[in-house]
Amino acid sequence: GAYDFGGIQYTESGVYTFNTQNIAGCDSTATLNLVVLPDLVFALNESICSGSSYEFGGIQYDETGTYENVVLNALGCDSTITLTLTVNPIQEFQYDFTICQGETYDFNGEVLTETGIYTSLIQSSAGCDSIVELNLTVHPTFSTSENFEICEGEEFLFEGQSFSFQGSYNFGLQSEFGCDSLVTINLTVTPTPEAPML
């Protein structure tokens, strides 16, 4: 704005004089000490999470952008406030993971043992909730028992090993999914009958 002094508009700070005559006809000097207060400018940087809003100047904002609001300060001058608002997205992550039967998987503090789809909320580096989806597959382990019979003097071959004595033999093998499985071979040896004497 401008200040009128002696018919002149002043817009800058300074000391101004005005000479005039008073009602008695004498010269009079009026002095004006004018101080022009500057408009104030403020900058705000704020961030929110997607789905939230930020109130600024009585308006709710929910999109990334730069917004201005002009208000009167305590001295009656305009103050411009500039808001730079960042809206951080909610992120979604999907993971596939496999374990073997009897193993566990720790999913954000929850101990999982069964096949299924699990979701959890975690906070991103921006402090916003992010959705994590886990597709957990639990592969089975096997425990099988097989019976085999050989004649005395013969050999039984299994996994590259040869057996000729009766008994139970345990083998720790891995399934097609890499899970430990137990195979038990029960081997029976049948004696060869003696030939009759002539």
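Is Phe171 buried or exposed? Phe171 is buried, at a relative accessible area of 9%, which falls under the 20% limit for that class. The model is predicted. The points below cover an open sheet of three strands, a hairpin formed by β13 and β14, and the aromatic pairs, of which the structure holds seven.

**Three-stranded sheet**

- Three strands make up an open sheet in the order β15-β19-β18, and their pairing is mixed.
- β15 (143-151) and β18 (167-174) are the edge strands, each of them pairing on one side only.
- From one strand to the next, the twist averages 25°.
- Eight bridges connect β18 with strand β19 (residues 180-190), and the sense of this pairing is antiparallel.
- Opposite Leu173 stands Ser181, a residue of β19.
- Strands of a sheet pair through backbone hydrogen bonds, in either a parallel or an antiparallel sense.

- Strand β13 (residues 116-123) and strand β14 (residues 129-139) run antiparallel and are joined by eight bridges.
- Ile122 has Ser130, in β14, as its bridge partner.
- Five residues lie between β13 and β14 in this hairpin.
- Gly127, in the turn, has a positive phi of about 85°.

**Aromatic pair Phe97-Tyr105**

- Among the seven aromatic pairs of the structure is that of Phe97 and Tyr105, with 4.5 Å from centre to centre.
- The planes of Phe97 and Tyr105 are 45° apart, and the pair is tilted.
- Phe97 has a relative accessible area of 37% and is therefore partly exposed, as the value lies between the 20% and 50% limits.
- Tyr105 also counts as partly exposed, with a relative accessibility of 22%.

- The ring centres of Phe158 and Phe171 are 4.7 Å apart.
- The planes of these two rings meet at 55°, so the pair is tilted; edge-to-face would require over 60 degrees.
- Phe158 belongs to strand β16 (residues 156-158) and Phe171 to strand β18, so their pair ties together parts 13 residues apart in sequence.
- One aromatic cluster is formed by Phe158, Phe163, Tyr169 and Phe171.
- The buried residue Phe171 is thus both a partner of Phe158 in a tilted pair and a member of this cluster.

Conventions:
Residues numbered from 1 in each chain as written. Predicted model: local features only at pLDDT ≥ 70, side-chain atom pairs only at ≥ 80, totals over all residues. Heavy atoms only, no water. Pairing = 2+ DSSP bridges. Helix = DSSP H or I, 4+ residues; strand = E, 2+ residues; numbered from the N terminus. Axes fitted to C-alpha atoms, helices over the stretch in contact; angles between N-to-C directions. Phe/Tyr/Trp six-rings, centres within 6.5 Å; stacked < 30°, edge-to-face > 60°. Buried < 20%, exposed > 50% of the residue type's maximum accessible area, 1.4 Å probe, protein only.
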